[in-house]
Amino acid sequence: MKKIDVALVGLGFGSCFVPIWLDHPNVERVGIFDPNPEVTASMKEQYPAITVYASFEDILKDETVDAVHLVSPIP
């Protein structure tokens, strides 16, 4: 089975999913994006293996991303 690349959007509640995706046996790479760059920088410090995206649009342009996990606020 091919491992997938996952991008996580929204790091408020969504930050809980970063270690879950990183530890998942079928996930090759985890990317993140949050509109607050301080939150993104903090997650990168905690999890150096993650890929940081500058925008949601950058995730959508990345053809290597297989799945996008949206955990952004409902509004």
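1. Contact is taken here as heavy atoms within 4.5 Å. On that basis, and leaving aside residues up to four places away in sequence, Leu8 touches Gly14, Phe17, Val18, Gly31, Ile32, Phe33, His69 and Val71.

2. On provenance, this is a predicted model, in which local features need pLDDT of at least 70 and side-chain atom pairs count only at pLDDT 80 or more, whereas totals for chains, interfaces and linings use all residues. Residues are numbered from 1 along each chain as its sequence is written, and side-chain values use heavy atoms, with hydrogens and water left out.

3. Leu8 also belongs to the largest nonpolar core, a group of 11 residues that includes Val6, Trp21, Met43 and Ile50; such a core is a set of buried (under 20% relative accessible area, 1.4 Å probe, protein chains only) Ala, Val, Leu, Ile, Met, Phe, Trp, Tyr and Cys residues joined through side-chain atoms within 4.5 Å. At least two residues of this core come from each of β1 (4-9), α1 (17-23) and β2 (27-33), and β2 gives the most, with three; helices (H or I, at least four residues) and strands (E, at least two) are DSSP runs, numbered from the N terminus. A second, separate core has six residues, among them Ala7, Val9, Phe33 and Ile59.

4. One aromatic pair is found in the whole structure (ring centres within 6.5 Å). Phe13 and Phe17 form this pair, with 5.6 Å centre to centre and 80° between the planes, and the geometry is called edge-to-face because the planes are over 60 degrees apart.

How values were computed:
Buried means under 20% relative accessible area, exposed over 50%, partly exposed in between (1.4 Å probe, protein chains only). Rings of Phe, Tyr and Trp (its six-membered ring) pair if their centres lie within 6.5 Å; planes under 30 degrees apart count as stacked, over 60 as edge-to-face and the rest as tilted.
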